[in-house]
Amino acid sequence: MFEGLDMGKMSEMMSQMQDKAKEMQEEAKNVEFTAKAGGGLIEITANGAGEVIDLNIDDEMLDDKNLLQLLLMSAMNDVVKQADENKKMMAMNMMGGLGSFGQK
């Protein structure tokens, strides 16, 4: 089944993929995504790794705990979705860069 397969070349390709994945993870930390809720009363910024790096809450939100919680959840879900979409796009770009190995 694996006759004629150059295991050295396969190992080299796997190593390159791992290196590229590590590089992409580091690059992702430099990308920022921002989501707002409540017309900008809540603003959350996350990096491409999905880590929240900034949070702004308008003072008028401090009087309504229930609304604050709902808007925080909404903004967090939005920013996480943005970061996830970016991760998927980066993975697709990495696979496309592998030549015939990453293509059907």
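The model contains two salt bridges, a salt bridge being a side-chain nitrogen of Lys or Arg within 4 Å of a carboxyl oxygen of Asp or Glu. This is a predicted model, in which local features need pLDDT of at least 70 and side-chain atom pairs count only at pLDDT 80 or more, while totals for chains, interfaces and linings use all residues. Residues are numbered from 1 along each chain as its sequence is written, and side-chain values use heavy atoms, with hydrogens and water left out.

**Overall architecture**

- The protein chain has two helices and three strands, taken as DSSP runs numbered from the N terminus (helices: H or I, at least four residues; strands: E, at least two).
- Read from the N terminus, the order of elements is α-β-β-β-α.
- Of the 104 residues in the protein chain, 22% are buried; buried means under 20% relative accessible area, exposed over 50%, and partly exposed in between, with a 1.4 Å probe and protein chains only.
- Among contacts in the protein chain with a separation of 6 or more, 44% join residues 24 or more positions apart, where contact means heavy atoms within 4.5 Å.

**Salt bridges**

- K36 is exposed, at 54% relative accessibility, whereas E43 is partly exposed, with a relative accessible area of 23%.
- K88 and E85 form a salt bridge in which the closest N and O atoms are 3.7 Å apart.
- K88 and E85 are three residues apart in helix α2 (residues 65–96), so about one helical turn separates them.
- E85 is partly exposed, its relative accessible area being 43%.

**Packing of α1 and α2**

- Two packed helices are described by the angle between their axes and the distance between the axes.
- Helix α1 (residues 7–28) packs with α2 at an angle of about 150°, and their axes are 11 Å apart; axes are lines fitted to C-alpha atoms, for helices over the stretch in contact, and angles run from 0 to 180 degrees between N-to-C directions.
- The angle therefore makes α1 roughly antiparallel to α2; angles over 145 degrees count as roughly antiparallel, under 35 as roughly parallel, 65 to 115 as roughly perpendicular and the rest as oblique.
- The crossing of α1 with α2 is right-handed, which is to say that the near helix is turned clockwise from the far one by less than a right angle.
- On the α1 side, M17, K20, A21, M24, E27 and A28 meet M90, A91 and M94 of α2.
- The residues of this contact comprise seven nonpolar, no polar and two charged; Ala, Val, Leu, Ile, Met, Phe, Trp, Tyr, Cys and Pro count as nonpolar, Asp, Glu, Lys and Arg as charged, and the others, Gly among them, as polar.

- M17 belongs to helix α1 and is buried, at a relative accessible area of 17%.
- Apart from neighbours within four places in sequence, A28 is in contact with N47, G48, A49 and M90.
- The C-alpha atoms of A28 and N86 are 8.4 Å apart, and the two residues are 58 residues apart along the chain.
- N86 lies in helix α2 and is buried, with a relative accessible area of 11%.
- Residues up to four places away in sequence aside, N86 touches V31, F33 and G48.
- N86 and A49 are 37 residues apart along the chain, with 9.1 Å between their C-alpha atoms.

- T34 is placed in strand β1 (residues 32–37) and is partly exposed, at 37% relative accessibility.
- Setting aside neighbours within four places in sequence, T34 is in contact with E43, I44, T45, V79 and Q82.
- The C-alpha atoms of T34 and A46 are separated by 6.5 Å, at 12 residues apart along the chain.
- T45 is in strand β2 (residues 42–47) and is buried, its relative accessible area being 7%.
- Not counting residues up to four places away in sequence, T45 touches E32, F33, T34, E51, V52, I53, D54 and V79.
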